[in-house]
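Here are my notes from going through this one with you in mind. Have the viewer open and follow along point by point.

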Amino acid sequence: MTSQNYVVWKDAFSVGSDAIDSQHQGMFGLLNDLYSALQEGRSQKDISEIVGKAHQYAKQHFASEEALWAKSGCPGLEEHKAVHQAYTGQVEQLWRSSGQPLEDTAYELFFFLKDWWLSHITGMDAQYAASVRTMPSH
Ligand SMILES: [Fe+2]
Ligand SMILES: [Fe+2]
């Protein structure tokens with residue numbers, strides 16, 4: 001059943017910050033746009049556009065998450081930033097090395113993105129957000 005591939009938001013994904021949660025939800029929206037475009041057999045141009053949009057959105061989200069958390073002075077932000085950076089590099093490499101047909105690469109990329117975002121949000125983001133909340137200044 002293909003609908004299982006859509007990324008569905010659950011309350012359990014909340015990291016306890018409305019700003020961050022809504023950005024994560026925005027990312028889910030773009031991932032679902034990508035999946036729909038693939039399912040509908042849309043043109044390579046359309047698919048590339050969505051991938052580009054999702055990539056920009058991710059970079060903006062990382063910058064905003066890092067800026068928000070930098071204020072807390074909570075340790076571990078450098079490691080978190082390194083994970084964001086590794087993601088950016090991996091996505092760019094995957095997309096650059098895209099062979100033909102592009103659709104196969106786009107599906108591979110979609111599944112990579114879906115797994116990465118689900119595990120990052122419920123893992124590292126959730127843990128870091130919880131540490132920030134327990135900092136003395138919060
Ligand atoms: Fe995040
Ligand atoms: Fe993060």
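How do the axes of α1 and α4 cross, and within what distance do they come? Keep in mind throughout that this is a predicted model.

1. **The α1/α4 pair.** The two axes come within 10 Å, and they cross at roughly 165 degrees. That makes α1 roughly antiparallel to α4, since an angle over 145 degrees counts as roughly antiparallel. As for handedness, the α1/α4 crossing is left-handed. If you want to see who does the touching, look on the α1 side for residues including I20, H24, M27 and L31, and on the α4 side for residues including E103, A106, Y107 and F110. Further partners include L34, Y35 and L38 of α1, along with W117, I121 and A129 of α4.

2. **α1 by itself.** This helix runs over residues 18-39, so to speak 22 residues in a row, and spans 31 Å from its first C-alpha to its last. At 1.5 Å a residue you'd expect 32 Å, and the model comes close to that.

3. Which residues of α1 are buried? They are H24, L30, L31, L34, Y35 and A37. Because they cover an arc of only 165 degrees around the axis, they sit on the same side of α1. Turn to the other side and you'll find D18, S22 and S36 exposed.

4. Have a look at G41, which follows α1. Its phi is positive, near 65 degrees.

5. **α3 against α4.** Helix α4 also packs with α3 (residues 77-96), at an angle of about 175 degrees and with the axes 12 Å apart. These two helices are therefore roughly antiparallel to each other. On α3 the contact is made by H80, V83, Y87, L94 and W95, while α4 brings L109, F112, W116, M124 and Y128.

6. **A closer look at Y128.** This tyrosine lies in helix α4. Is Y128 buried or exposed? Y128 counts as buried because it has 20 C-beta neighbours inside 10 Å, and 20 or more is what it takes. Leaving aside residues up to four places away in sequence, Y128 touches W69, G76 and H80.

Key: Residues numbered from 1 in each chain as written. Chains lettered and ligands numbered in written order. Predicted model: local features only at pLDDT ≥ 70, side-chain atom pairs only at ≥ 80, totals over all residues. Helix = DSSP H or I, 4+ residues; strand = E, 2+ residues; numbered from the N terminus. Expected span 1.5 Å × (residues − 1). Buried ≥ 20, exposed ≤ 12 C-beta atoms within 10 Å, placed from the backbone. Arc of directions from axis to C-beta. Contact = placed C-beta atoms within 7 Å. Axes fitted to C-alpha atoms, helices over the stretch in contact; angles between N-to-C directions. Parallel < 35°, antiparallel > 145°, perpendicular 65-115°, else oblique. Left-handed = near helix turned anticlockwise from the far one by under 90°.
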